[in-house]
Amino acid sequence: MVTAAQPLAHPLSVRHLGPNWYATVMGTAVVATAGASLPSHAPGLRGVLVGVWALSLVLLLVLLGGRAAHWNRHRDQARAHLLDPATAPFYGCLAMALLAVGGGALTVGRDLIGLRAAVALDAALFTAGTVTGLAAAVAVPYLMAVRHRVEPGQATPVWLLPLVAPMVSAAVGPLLVPHLPPGQAQETLLLVCFALFGLSLLATLVMLPLVFARSLTGGLPLALTPTLFLVLGPLGQSTTAVGAFADVAPGVVPKPYSEGFGALAVLYGVPVMGFALLWFCLAAAHVLRARRHGMRFSMTWWSFTFPVGTCVTGAEALARHTGLVAYAGPAVVLYAVLVAAWGTAVVGTARGLLRGELLAGPGPVPAAPRPVTVRTTSGAVR
């Protein structure tokens, strides 16, 4: 017996509001922060960037309220999200949303709310985001090991999300260093950020081979193909982080460590951004193929925003520390890609909300399984 199709959800329903929605905050905030450090600015661009940051702050507040209502009214569904191996990694997006908006407060938001309020807001969001990110980096892999019971063949780039959150802390934390008392406070924060960089980098290096192997051997469902862009997140964000360390290290840590941070910004950033370019081309090819095979809009399209934005800021960091136009030019091109991707994701999300599709529950299970074509090891099809 086939059940009737489930009615579409009301646009304001929060029952199926998952943690993946924080990607809208991340993707919006990075448009503002990445644009603020471009090597050249068009007239009036700064005001637009401030407006985009303000939008990210509003989105964050709305989603925090919506998620609080979700946990209060639909605790069963919230628990199901946490115990779902496909959804639990998105809890890393909460931490990154807090950090992205906080970093944007000092980058562009200060033009709107003033420097003092921007420092206070960034300090609060950096603290909350870092604590949340560390909790997600421990709790989600633990749940995957003892409750989710996932297999290596199920690996997707989404698994990287809770591990990348501490890297975002590492990248935005140095913005607060100049606003702390000189001496112990500044040096401690800088080295804490460096420790977060190492934590996230090593965890990502452990996880990335599983993701790469899955993309080569098993492939991804069409709807998950955009998540291949998530791999760019730790690459671009780590390059941004080492550039930020080099920016603030002089006068904060003694020589030769301050000079070492400057060398690290180039010696680490150049090869990593080279791999990011390779992965960008590979992921783009997969996405174009998926579109030809009928991939439709879903919330995974927000994967095109924040990771690409981190590559923009990473290229900008290399341009600062090398003085090469070879990095300033690609930063502008990547920013244009980011803005186009963000606009596409915004339009698709607005349309899906108005239609009640994005907050609808999962559809009914078919009464009988669909026929499956299996290819044997010899290449025969049956």
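**Exercise 1. The second largest pocket**

How much space lies in the second largest pocket?

*Solution.* The structure is a predicted model, in which local features need pLDDT of at least 70, side-chain atom pairs count only at pLDDT 80 or more, and totals for chains, interfaces and linings use all residues. Residues are numbered from 1 along each chain as its sequence is written, and side-chain values use heavy atoms, with hydrogens and water left out.

Step 1. The second largest pocket holds about 610 Å³ of space. A pocket is an open set of points on a 1 Å grid over the protein atoms alone, where a 1.4 Å probe fits, with protein on both sides within 12 Å along at least five of seven lines; its lining residues have an atom within 4 Å of a point. The volume is the space filled by probe spheres set on the points, which are joined across faces, edges and corners.

Step 2. Helices are DSSP runs (H or I, at least four residues), numbered from the N terminus. The most is given by α4, with seven residues.

Step 3. By type, the lining has 14 nonpolar, 11 polar and four charged residues. Here Ala, Val, Leu, Ile, Met, Phe, Trp, Tyr, Cys and Pro count as nonpolar, Asp, Glu, Lys and Arg as charged, and the others, Gly among them, as polar.

**Exercise 2. The largest nonpolar core**

State which residues of the largest nonpolar core touch the most other members.

*Solution.* Step 1. A nonpolar core is a set of buried Ala, Val, Leu, Ile, Met, Phe, Trp, Tyr and Cys residues joined through side-chain atoms within 4.5 Å. Buried means under 20% relative accessible area, exposed over 50%, and partly exposed in between (1.4 Å probe, protein chains only).

Step 1. The core has 111 residues, of which Met96, Leu190, Phe197, Phe229, Leu232, Phe245 and Tyr335 touch the most other members. Helix α4 gives the most to this core, with 12 residues.

Step 2. Apart from its neighbours within four places in sequence, Tyr335 is in contact (heavy atoms within 4.5 Å) with Val31, Ala34, Gly35, Leu38, Leu49 and Val312.

**Exercise 3. Aromatic pairs**

Describe the geometry of the pairs Phe229–Phe280 and Phe275–Trp279.

*Solution.* Step 1. Rings of Phe, Tyr and Trp (its six-membered ring) pair if their centres lie within 6.5 Å; planes under 30 degrees apart count as stacked, over 60 as edge-to-face and the rest as tilted. The whole structure contains 12 aromatic pairs.

Step 1. Phe229 and Phe280 are edge-to-face, at 5.6 Å centre to centre with 85° between the planes. Phe229 lies in the loop between α7 and α8, and Phe280, 51 residues apart from it, in helix α9 (residues 257–292).

Step 2. Phe275 and Trp279 are tilted, at 6.2 Å centre to centre with 45° between the planes. Because they are four residues apart in helix α9, about one helical turn separates them. Phe275 is partly exposed, at 32% relative accessible area, whereas Trp279 is buried, at 2%.

**Exercise 4. A proline in a loop**

Is Pro226 buried or exposed, and which residues does Pro226 contact?

*Solution.* Step 1. Pro226 is found in the loop between α7 (184–217) and α8. Its relative accessible area is 0%, so Pro226 is buried.

Step 1. Leaving aside neighbours within four places in sequence, Pro226 contacts Val287, Met295, Thr300, Trp301, Ser303 and Phe304. The C-alpha atoms of Pro226 and Trp301 are separated by 5.8 Å, although the two residues are 75 residues apart along the chain.

Key
Helices (H or I, at least four residues) and strands (E, at least two) are DSSP runs, numbered from the N terminus.
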